[in-house]
Amino acid sequence: MKKHIFWLLLPFSLVAGNLHELVELSHQNPMMQASRYSAEASGLQKDALTQSYLPSIVLGGSHAYNAEKTMSTPEKITTGYAKLSYTLYDGGKREALEDAYEATLKSSQFLLHATANDLALQVSYVYYNHFSLQSSLEA
C-alpha cells in the first residue's frame, strides 16, 4: 500500500517545490487555454460585428470581345460599376447585438477567472492532501 501512495505522490515532488509554482503551472492547463480562446473569440465576434456595420465600397469592371460584330452587339464591350453600401437604419439591431456581444465577452472573461480559481483550489487541495498523507506515512 505504501508503495502505491509513493508513486501517486512522486509527480508532486518532482514538478514543483511550493504551492505558488504549482498554481502557476496549472494556468497552462488545456482547460485554461480553452477558456482563454473562448474569451478571445468573444472579443473577435464583437469586432466583426462592428466592422460589418461600416460603410463599404465595391468597384468592379469587365471587358469582353465578341467573335462576330453585329448591329445589336459590338465587338468590344467594356463595363464598370461602383457600389456604396451603408446601413441607415436597422431598427436598433446593431445596438442590441453590441450589448449581447458585450455581455458574452464579460461572461467569457468571468468564466476564465472562475476556471483559474477552480484550478487553483483543486491544486491547493491536492497539495495539502499530499502533505497530509506524507505526514501520516511518517507517523
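**Figure 1. Overall view of the predicted protein chain.** The accessible surface of the protein chain comes to about 10900 Å², and carbon and sulfur atoms hold 61% of that area; accessible areas come from the Shrake-Rupley method with a 1.4 Å probe, and for residues only the protein chains shown count as cover. This is a predicted model, in which local features need pLDDT of at least 70 and side-chain atom pairs count only at pLDDT 80 or more, whereas totals for chains, interfaces and linings use all residues. Residues are numbered from 1 along each chain as its sequence is written, and side-chain values use heavy atoms, with hydrogens and water left out. Four helices and two strands are present in the protein chain, in the order α-α-α-β-β-α from the N terminus on. Helices (H or I, at least four residues) and strands (E, at least two) are DSSP runs, numbered from the N terminus. Of the 139 residues in the protein chain, 18% are buried; buried denotes under 20% relative accessible area, exposed over 50%, and partly exposed in between (1.4 Å probe, protein chains only). Among contacts (heavy atoms within 4.5 Å) with a separation of 6 or more, 66% link residues 24 or more positions apart.

Figure 2. S42 lies in helix α3, which spans residues 30-52. The residue is classed as buried because its relative accessible area is 5%. Apart from neighbours within four places in sequence, S42 contacts T104, L105 and S108.

Figure 3. A34 and L112 are 78 residues apart along the chain, and their C-alpha atoms are separated by 8.8 Å.

**Figure 4. Close-up of a nonpolar surface patch.** I57, L59 and L84 form the patch and together have about 390 Å² of accessible area. Patches are made of residues with over 30% relative accessible area and no salt bridge; like charges are joined within 9 Å, and nonpolar side chains (Val, Leu, Ile, Met, Phe, Trp, Tyr) within 5 Å. A salt bridge places a side-chain nitrogen of Lys or Arg within 4 Å of a carboxyl oxygen of Asp or Glu. L59 is part of strand β1 (residues 56-65), and L59 counts as exposed because its relative accessibility is 66%.
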